[in-house]
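Q: Hi, I'm new to this one and would like a friendly tour. Can you put it up on the screen?

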Amino acid sequence: MGAQPGTALWFIIAVSQCVSASGCGPQYELAIDEFCLAKFRLDMQELDQGHWCSWEDTVEIYGELTNCTFLVALKVGCFWPNRLVDDFFIRVHRHYFHDCSLSGRLLRDPPNGILGPFIAVPILVTLLMTALVVWRSKRSEGIV
């Protein structure tokens, strides 16, 4: 999944030929979509979707995407990061990482063997305490 030695050079040459140096704007947005996002999509398609939330599996791909947006920004004379890059990464996260938690693990309920006791024990304790209170209130003859 690592980039071939000529890949980064090809991106730089292609960006320099296709993008005018007019600064940030639609040209920059188009360039990061066509060059950076296109490669990111291919790399993510090669990765099983079940591994998208695994930082260990996506860190290299994500790093290449970040570097690509930086190189394109340098080439067109934009500051980096900028509003367009922020919007770009928000779109990427909404599409690829929307089900991921901050820890990188997919959130789900624990197995029933673990969840069951955490539900049953408080219910049983509540019922037991209620029964004890009712039983003690009916035996009020010895209480001063």
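This is a predicted model: local features need pLDDT of at least 70, side-chain atom pairs count only at pLDDT 80 or more; totals for chains, interfaces and linings use all residues.

Q: Thanks! How many helices and strands are there in the protein chain?
A: The protein chain has five helices and zero strands. Along the sequence the pattern reads α-α-α-α-α.

Q: Where does A31 sit, and is A31 buried or exposed?
A: A31 belongs to helix α2. A31 is buried, because its relative accessible area is 2% and buried means under 20%, exposed over 50% and partly exposed in between (1.4 Å probe, protein chains only). Its C-alpha atom is separated by 9.6 Å from that of V76, 45 residues apart along the chain.

Q: And how much of the protein chain is buried?
A: Buried residues account for 28% of the 144 residues.

Q: What about the largest nonpolar core, which residues have the most contacts inside it?
A: Those are Y28, F40, M44 and V92, in a core of 25 residues. The most comes from α2, with eight residues. A nonpolar core here is a set of buried Ala, Val, Leu, Ile, Met, Phe, Trp, Tyr and Cys residues joined through side-chain atoms within 4.5 Å.

Q: Which residues is F40 in contact with?
A: Leaving aside neighbours within four places in sequence, F40 is in contact (heavy atoms within 4.5 Å) with I61, Y62, L65, V92, Y96 and F97.

Q: Switching to charges: how many salt bridges does a search of the whole structure find?
A: Five. A salt bridge is a side-chain nitrogen of Lys or Arg within 4 Å of a carboxyl oxygen of Asp or Glu. One of them joins K39 to D43, with the closest N and O atoms 2.8 Å apart. Both K39 and D43 lie in helix α2, four residues apart, about one turn of the helix.

Q: Why do K39 and D43 count as buried?
A: K39 counts as buried because its relative accessibility is 17%, and D43 because its value is 7%.

Q: How far apart are R91 and E29 in their salt bridge?
A: From N to O, 3.8 Å. R91 is in helix α4 and E29 in helix α2, 62 residues apart.

Q: One last topic: what does UniProt say about residues 114-135?
A: The unreviewed UniProt entry annotates residues 114-135 as "transmembrane region"; such annotations may be inferred rather than shown by experiment, and positions are given in the numbering used here, with feature names shortened. In the model that stretch is 100% helix and 0% strand, with its end C-alpha atoms 32 Å apart.

Q: And where is the cis peptide bond?
A: From W80 to P81, with omega near -5 degrees. P81 is in the loop between α3 and α4.

Methods: Residues are numbered from 1 along each chain as its sequence is written. Side-chain values use heavy atoms; hydrogens and water are left out. Helices (H or I, at least four residues) and strands (E, at least two) are DSSP runs, numbered from the N terminus.
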